[in-house]
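Thanks for asking me to look over this model. Here are my notes, with the cut-offs spelled out so that you can check them.

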Amino acid sequence: MAAAQADVPAEVVVQRQLEAYNARDLEAFMDLLDEQCVATDAVTGAVLGTGKAELRKRYESRFQTEVHSELLGRLCLGNVVVDREIITGLPDAGVADCLATYHCSGGKIQKMEFVWQPRKQ
């Protein structure tokens, strides 16, 4: 199965991740992340989480809300996928515009980079 997993195109991995995010299915979401996955703020360079254990805590909390990501567009080139999204259901009824860049390898997300901007309602 590992060989089959490695052949999964990056856009398929990221689509599965989006579906798990919107279902708030923590186990399915985490299964798509590499053990050493790193999430960063692409503007400041701040590390949001390193490794599945740290990222699990972040998303466990996030999935307690009615969070939902609406995909507005997607660009794919090799193992890199860039999504343009609107995120709703954030704390305090927050809504954000987001650019998310995913670097994939071996059927897993290795790195996630986010640009967030609160959306005025």
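1. Ground rules. This is a predicted model, in which local features need pLDDT of at least 70 and side-chain atom pairs count only at pLDDT 80 or more, while totals for chains, interfaces and linings use all residues. Residues are numbered from 1 along each chain as its sequence is written, and side-chain values use heavy atoms, with hydrogens and water left out.

2. The annotated span. UniProt, in an unreviewed entry, lists residues 14–110 as "domain: SnoaL-like". UniProt positions are given in the numbering used here, feature names are shortened, and annotations may be inferred rather than shown by experiment. In the model, this span is 29% helix and 51% strand, and its end C-alpha atoms lie 11 Å apart. Helices (H or I, at least four residues) and strands (E, at least two) are DSSP runs, numbered from the N terminus.

3. Helix α2. Residues 10–23 form α2, whose 14 residues reach 20 Å from the first C-alpha to the last, close to the 20 Å expected at 1.5 Å a residue (the expected span is 1.5 Å times one less than the number of residues). Just after α2, Arg 24 takes a positive phi of about 55°.

4. The buried side of α2. Which residues of α2 are buried? They are Ala 10, Val 13, Val 14, Gln 17, Leu 18, Ala 20 and Tyr 21; buried means under 20% relative accessible area, exposed over 50%, and partly exposed in between (1.4 Å probe, protein chains only). These residues are on the same side of α2 because they cover an arc of only 165° around the axis, taken from the directions from the helix axis to the C-beta atoms. An α-helix has 3.6 residues a turn, so residues three or four places apart point the same way. What covers the buried residues of α2 includes α3 (26–31), α4 (51–62), β3 (68–77), β4, β5 (94–105) and β6 (108–118).

5. Ala 28. This residue lies in helix α3 and counts as partly exposed, at 31% relative accessibility. Ala 28 and Arg 16 are twelve residues apart along the chain, with 8.4 Å between their C-alpha atoms.

6. Glu 85. Here is a residue worth a look in strand β4 (residues 80–90): Glu 85 counts as buried, at 4% relative accessibility. The side chain of Glu 85 makes a polar contact of 3.3 Å with that of Ser 69. A polar contact is a pair of N or O atoms within 3.5 Å; within protein, one must be able to donate a hydrogen and the other to accept it, and residues adjacent in sequence count only if both atoms are side-chain atoms. Beyond four places in sequence, the contacts of Glu 85 include Leu 18, Leu 72 and Tyr 102 (contact means heavy atoms within 4.5 Å). Cys 98 is 13 residues away from Glu 85 in sequence and 5.1 Å away in space, C-alpha to C-alpha.

7. Asp 97. Strand β5 holds Asp 97, which counts as buried at 16% relative accessibility. The side chains of Asp 97 and Arg 84 are joined by a polar contact of 3.5 Å. Among the other contacts of Asp 97 are Glu 85, Ile 86 and Trp 116.

8. Cysteines. How many disulfides does the whole structure contain? The search finds zero, a disulfide being a pair of cysteine sulfur atoms within 2.5 Å. For Cys 37, the nearest cysteine sulfur is that of Cys 104, 8.9 Å away; Cys 37 is buried, with a relative accessible area of 0%. Cys 76 is in no disulfide either, with the sulfur of Cys 104 nearest at 9.1 Å, and Cys 76 counts as partly exposed at 37% relative accessibility.
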